[in-house]
Amino acid sequence: MWRIVATVSVGAALAAWAFPRAIEDWQFQLAGLADPFLGRPAPGLTILVGVVASAIVGSIVLVVGRTNRPAALRSGWAWPLLAGWLAYGLGAAITLAGGGQAAYPGTLRYDFGEQVQHETTVPAVCRTPVGKPTVLAEVRPTVGNGTPAVGGLPMLWLREAATGAPERFGPLTEPLISGAGDGTALAAFVVPTLPGRVLPFLEMTHGDGTVTSEVPIEFLRAYDYVVIDLDDRGLSGEATVRATRWEDPYGGDGLRWVNLTIPNDPWPESFELSIGWSCDR
């Protein structure tokens, strides 16, 4: 009797571990984020570990039982392993059947508030988490016929792309610098209501005394953005974002920002930005 209880208990424990593990593994796989070297779940690693563990358990049963393979299987120790593998297969099948990420067209509306006094609406790309087509993982501006320049406009991360869980530190936002996945630098969005001023740039002094400079940054990339309020309605919503001019993180002779702030600076020290989005499934 105790053998049956032990076998059922071990099998249930393995199944309870393997089922959610399979779901997480394949969510990361479908999102293109599976990477055991970065500590991310990956089905290849789990399956490899499972095969090795199963082989070790099977070898121990054969050695300890001093019997042949069919008798070892009849001893009942194969059933917990079978339960674990079946649970893993079921979790993988459910996740694969649910589909991967989806991408929808949409729009993003930016209201830069009283200090900047500018509003604009641009095309957007909305991406869902794996297997969750009615909520968003991220929404980012994209180039459209009427808006050829969107570089610097903030994008939003609302949920993890693989699991769909809320971001660990809440919704995140940062200026968009390059196109999705291709690394191509985007032309900077220009806020027409702001007076012109000399642009900030990063200056590097090398060991031989030569000085080189990076490409200057525009207004929107000179700020840190923090979401302070969020109304997430699935495929639409609105976020209130506080933008604060960041300080020079270097400040030394070897590496420093030039013109990050200037006397009588027309760029505000901070401002509130309202971002609204709507996505078409």
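Colleague: Is R242 buried, partly exposed or exposed?
Modeller: This is a predicted model, where local features need pLDDT of at least 70 and side-chain atom pairs count only at pLDDT 80 or more, while totals for chains, interfaces and linings use all residues. Residues are numbered from 1 along each chain as its sequence is written, and side-chain values use heavy atoms, leaving out hydrogens and water. Buried means under 20% relative accessible area and exposed means over 50%, with partly exposed in between (1.4 Å probe, protein chains only). R242 comes out at 39% relative accessibility, so call it partly exposed.

Colleague: Which side chain meets R242 in a salt bridge?
Modeller: A salt bridge needs a side-chain nitrogen of Lys or Arg within 4 Å of a carboxyl oxygen of Asp or Glu. Here the N to O distance is 3.9 Å, and the partner is E272.

Colleague: How many residues apart in sequence are the parts that this pair, R242 and E272, ties together?
Modeller: Strands are DSSP runs (E, at least two residues), and helices are too (H or I, at least four), numbered from the N terminus. R242 sits in strand β9 (residues 236–245) and E272 in strand β11, so the parts they tie together are separated in sequence by 30 residues.

Colleague: What about R159 and D232: how far apart are their closest N and O atoms?
Modeller: R159 is buried, at 17% relative accessible area, while D232 is partly exposed at 27%. They form a salt bridge, and the closest N and O atoms are apart by 2.9 Å.

Colleague: D265 forms a salt bridge too, so which residue is its partner?
Modeller: D265 itself is partly exposed, with 22% relative accessible area. The closest N and O atoms are 3.0 Å apart, and the residue bridging to D265 is R245.

Colleague: Which side chain does S274 join in a polar contact?
Modeller: S274 lies in strand β11 (residues 270–279). A polar contact is a pair of N or O atoms within 3.5 Å; within protein, one must be able to donate a hydrogen and the other to accept it, and residues adjacent in sequence count only if both atoms are side-chain atoms. At 2.8 Å, the side chain joined to S274 is that of E238.

Colleague: In β5, what is the bridge partner of W157?
Modeller: Two strands pair if DSSP finds at least two bridges between them. Strands β4 and β5 (residues 172–175) run antiparallel and are joined by 4 bridges. In β5, W157 is partnered by L172.
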